[in-house]
Amino acid sequence: MVRQGRPARDPLKIREELTSDDYLDLITRLLQRCRRSDPTGGVWEAADLQWWWRRVRPSDRCGQLFWLDEVGDPVAAVVLTDWDRAWTCDVVIAPEHVEALFDLVWQRGLEQVAALELDAVEVRARDDDTTWTSALDESGFAPAGDASTATWLDAGRRPQVSPLPRGFRLLSRADTSDRPHHMIGRNGEHVAERLAECSLYDAELDLLVEAPDGDVAAYALFWPDPVTRVGLVEPMRTESEYQRLGLARHLLTAGLERLAARGCERFKVSHNNDNPAARGLYSGAGFVPDSISYAYARRSP
Ligand SMILES: CC(C)(COP(=O)(O)OP(=O)(O)OC[C@H]1O[C@@H](n2cnc3c(N)ncnc32)[C@H](O)[C@@H]1OP(=O)(O)O)[C@@H](O)C(=O)NCCC(=O)NCCS
């Protein structure tokens, strides 16, 4: 087990902990807490980081930094994730603790990046978060493009489920659990086991569209969060030979219906700004843009 205590550094009796074993539970609780404090703040849902869990990564065992209050609830974290091309560093702080903890958390994040001798590090920040963007600038991070828009839709405004073209059928992972998972090709051989370790994963919302010849033509995963009542869409894909047939629209509208049935009151999906297909798909379903975030990158000298 990777766990290491440090003395409390502030009067709120908040203690720092470096842990790998409790990571998924702690980051889920922290992001849920953030979402409950601010209905659209930050960049990530708990389900986003659960989705990142789908692959085995070197960062799984390097330990993640958390700050816990006196009853053991997480109030802040620095999450380092290995994406092959670079590691990302995500700082998450409960809104009511940002003022008191930001400088300490970011400083410790930079120390952790230095201790791991990471070559290339990327951070994602919202363009309206000036605390963050100033700190990144002062720490030698520069904008690296890769703009992403977060969009939201109230469950009550969801569109009707659109039809599927003839011969195609909608299935869920619950119907296909006797086969290899349909996302192995893009997400690694352990995707089924890793998703099953995620508390927000629901095999009945892990959807795919099968072509008449049995090919997997499209798929999408919908994440209902019972604590925040937000349903996240991630990922969404139609294979190139099946695009523009209405498969993604069917997956999206059918998935939103299932999220609503699980009690979700709002839905969120993000897309890169240079992806007109995704923008058209989500805006056509009624999703409204809310915030833009950018990647910032730093290479060690
Ligand atoms: C985005 C994507 C899922 C759309 O899949 P699809 O099955 O082709 O989409 P649909 O046929 O259901 O189209 C629904 C709507 O999406 C929009 N859309 C889809 N493809 C589009 C394209 N190439 N250009 C512009 N708009 C497009 C349109 O608004 C379309 O409605 P319309 O056909 O009435 O104009 C698909 O292009 C894809 O998998 N891309 C690669 C992965 C990806 O970008 N995923 C989304 C990440 S957020």
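Predicted model: local features only at pLDDT ≥ 70, side-chain atom pairs only at ≥ 80, totals over all residues.
1. Start with helix H1, residues 23-37. The helix has 15 residues. From its first C-alpha to its last it reaches 21 Å, close to the 21 Å expected at 1.5 Å a residue.

2. H1 is largely enclosed by the rest of the structure, because 11 of its 15 residues are buried. Tyr23, Leu24, Leu26, Ile27 and Thr28 are among them. Further along, Leu30, Leu31, Gln32, Arg33, Cys34 and Arg35 are buried too.

3. What covers these buried residues? The cover includes one helix, H2 (46-52). It also includes strands E2 (15-19), E3 (64-68), E4 (74-82), E5 (87-93) and E12 (230-238).

4. Look at Arg33 next. This residue is found in helix H1. Is Arg33 buried or exposed? Arg33 has 21 C-beta neighbours inside 10 Å, so it counts as buried; the cut-off is 20 or more.

5. Arg33 and Val227 are 194 residues apart in sequence. In space, their C-alpha atoms are 8.7 Å apart.

6. Now the ligand. There are 19 residues around it, and Thr238, Gln243, Ala248, Ala277 and Gly280 come nearest. The elements giving two or more residues to this shell are E12, helix H7 (247-261) and helix H8 (276-284).

7. Which element gives the most to the shell around the ligand? H8 does, with six residues. By class, the shell has nine nonpolar, seven polar and three charged residues.

Methods: Residues numbered from 1 in each chain as written. Helix = DSSP H or I, 4+ residues; strand = E, 2+ residues; numbered from the N terminus. Expected span 1.5 Å × (residues − 1). Buried ≥ 20, exposed ≤ 12 C-beta atoms within 10 Å, placed from the backbone. Contact = placed C-beta atoms within 7 Å. Near = placed C-beta within 6 Å. Nonpolar A, V, L, I, M, F, W, Y, C, P; charged D, E, K, R; others polar.
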